[in-house]
Every structure is written in C-alpha cells, then in structure tokens.
Amino acid sequence: MIAIPLVLDGYLAADPEPGDREGTASWRLVCSAGTDHLVEEAVIPCTTTEPEIAHAMLAERQPGDLLRVIGHLTLPDTADAPMRLHADALEVLWEAPLLETDPDDADTATVTAADADGLRDRDDAIAALAEALTGFGQAAPGPGQTIRIHLSPTGTLGTGLEHCHSFDITPDMAHRLADYVDAMNCYLDSERPDDAALDPQTIADLTELFEDIDLIDLTNTVLNATRPEHRPAITRAMDDMFGDVPAPEDTDP
C-alpha cells in the first residue's frame with residue numbers, strides 16, 4: 001500500500017476500540033471541509049501501534065473530542081482493501097465536556113418540548129454561523145499563516161457531530177471579524193438595554209466631567225493640531241458629537 005504523510009483534524013466519532021495486539025487501538029475521525037455551498041464530511045478510520053497513543057485514546061478520550069492526528073494515510077492497492085490513517089502522533093485540540101448522568105434516571109429521562117425547541121434553535125444558529133464563516137474564510141484565499149476556528153455545540157458530541165465545523169481564515173480576516181464583533185457591541189443610547197443602566201455615581205461623575213469641558217478650548221486644540229484641508233471635516237464631526245462648535249475661521253491659527 002502507498003503511505004502518504006498527512007496531518008488531519010477531526011472529531012472523535014465514537015469510543016475508541018482496542019486493537020488485535022496489545023498497545024494498539026482504532027477509532028473513527030469525522031473531518032469536514034467547507035465549500036462555497038456546503039460542508040462536506042468524511043469519516044476516516046484511524047489506527048495506531050504506538051502504546052502511548054493507544055492508552056490515551058482508550059483511557060482518556062471520548063466522543064466529540066477534537067483531535068489532530070499526525071501520521072501516514074495508506075491507500076489501498078485493491079478496491080476492497082481498507083484505507084486507514086496510521087497515527088504516529090496525536091494532539092488534543094479541544095476536549096468535549098463530560099456529561100454527568102444518574103444511571104438510575106437513564107431510563108426515565110425525557111426531552112421536553114422546550115428542550116427540543118432549544119436544540120433546534122441552537123442547531124439552526126450553528127448552521128447559520130457556519131455558513132457565514134465558511135464564506136468569510138474563503139473570501140481571501142492564498143498562502144501564508146492561517147487561524148483555525150472550531151465551531152461545535154456544547155455537551156457530549158457523539159450524536160451531534162454533524163453540527164461540528166472547522167474554518168481557516170487569514171490574520172487579516174481575523175482582524176476584520178474582530179472589528180465586526182466590536183461594531184455589534186456598540187449601540188446608540190436609545191438602544192441601550194434596560195438592564196445596562198449606569199449607577200447614579202457613575203452618571204454623576206460623567207456629568208461633572210462633561211460640564212468641565214470648554215468646547216471652545218477643545219475645538220481650538222483639535223483644529224490647531226489638524227492640517228488646514230482637514231479642518232472642515234473635523235468641525236462637522238465635532239458638531240455631530242458636541243453640537244455647534246466654532247468654525248475653523250473663528251479659532252486661533
């Protein structure tokens with residue numbers, strides 16, 4: 001069989017199983033690759049003959065863990081031969097939270113209508129965010145360092161791997177995404193949530209601060225530090241912020 005060096009990121013699909021020999025293990029890795037229109041997923045069988053990796057997989061890992069498997073992908077010589085990724089090294093990128101359950105309540109556990117609606121809302125939100133991030137990550141393809149974003153629901157992911165996604169974006173795109181998030185967190189005073197009201201002391205301190213501002217001195221200071229061709233735009237911006245302020249020709253040179 002042909003062995004190709006490969007590094008693969010994916011979610012652990014189910015509990016790993018011990019191999020035929022001591023110090024070996026096998027598991028399945030769910031990997032996804034985004035396109036313009038959909039997210040393609042593949043389940044890759046993985047094995048290892050490294051005792052340390054086998055022990056970690058059998059004793060420490062659980063479905064939903066995000067893993068990076070470093071090894072060699074063996075391509076079959078015949079159509080009926082298996083394709084497997086033989087792991088030489090393993091990194092844990094993200095651990096799925098443990099789900100604590102009471103065994104006595106396992107048979108009587110039910111999902112309420114509210115819980116079902118909440119799960120649907122969560123899954124719809126993940127799908128919408130995944131679609132947006134997929135297009136965002138592909139907006140500026142090219143070589144260079146990238147940043148990987150992992151998106152998944154919380155809780156044990158053994159039955160929710162279809163909602164797990166990974167995206168690679170450039171540092172420039174990451175900065176733009178951060179700017180968009182900052183912009184979302186800014187709102188006009190009329191849109192301020194009721195529970196975001198400032199305490200009286202803070203309001204008093206801010207009121208005193210702004211009452212002490214001399215708008216003429218402030219305008220002169222700003223305009224004197226501004227190139228002449230930019231002064232009209234600065235004046236309009238200060239008018240929007242503080243109300244009418246002196247025009248450039250009314251200030252000291």
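The dialogue below explains how to read several features of this predicted model.

Reader: How many helices and strands does the chain have?

Author: Helices (H or I, at least four residues) and strands (E, at least two) are DSSP runs, numbered from the N terminus. Here there are 6 helices and 8 strands, in the order β-β-β-β-α-β-β-α-β-β-α-α-α-α.

Reader: Which residues of helix α5 are buried?

Author: Buried means under 20% relative accessible area, exposed over 50%, and partly exposed in between (1.4 Å probe, protein chains only). In the chain of 253 residues, 25% are buried. Helix α5 (residues 215–224) has T219, N220 and L223 as its buried residues. Viewed down the axis of α5, these residues fall within an arc of 100 degrees, so they line one face of the helix. The arc is that of the directions from the helix axis to the C-beta atoms.

Reader: How many disulfides does a search of the whole structure find?

Author: A disulfide is a pair of cysteine sulfur atoms within 2.5 Å. The search of the whole structure finds 0. For C31, which is in no disulfide, the nearest cysteine sulfur is that of C46, 7.1 Å away. C31 counts as buried at 10% relative accessibility, and C46 is also buried, with a relative accessible area of 0%.

Reader: How many salt bridges are found in the whole structure?

Author: A salt bridge places a side-chain nitrogen of Lys or Arg within 4 Å of a carboxyl oxygen of Asp or Glu. The whole structure holds 7 of them. One of these joins E91 to R68 (4.0 Å, N to O). This pair links distant parts of the chain, with E91 in strand β6 (residues 84–94) and R68 in strand β5 (residues 66–75), 23 residues apart. E91 is partly exposed at 35% relative accessibility, as is R68 at 25%.

Reader: What is the case for D123 and R122?

Author: Their salt bridge has its closest N and O atoms 2.7 Å apart. D123 counts as buried at 18% relative accessibility, whereas R122 is partly exposed, with a relative accessible area of 29%. Elsewhere, salt bridges that share partners join E60, R61, D65 and E95 into one network.

Terms used: Residues numbered from 1 in each chain as written. Predicted model: local features only at pLDDT ≥ 70, side-chain atom pairs only at ≥ 80, totals over all residues. Heavy atoms only, no water.
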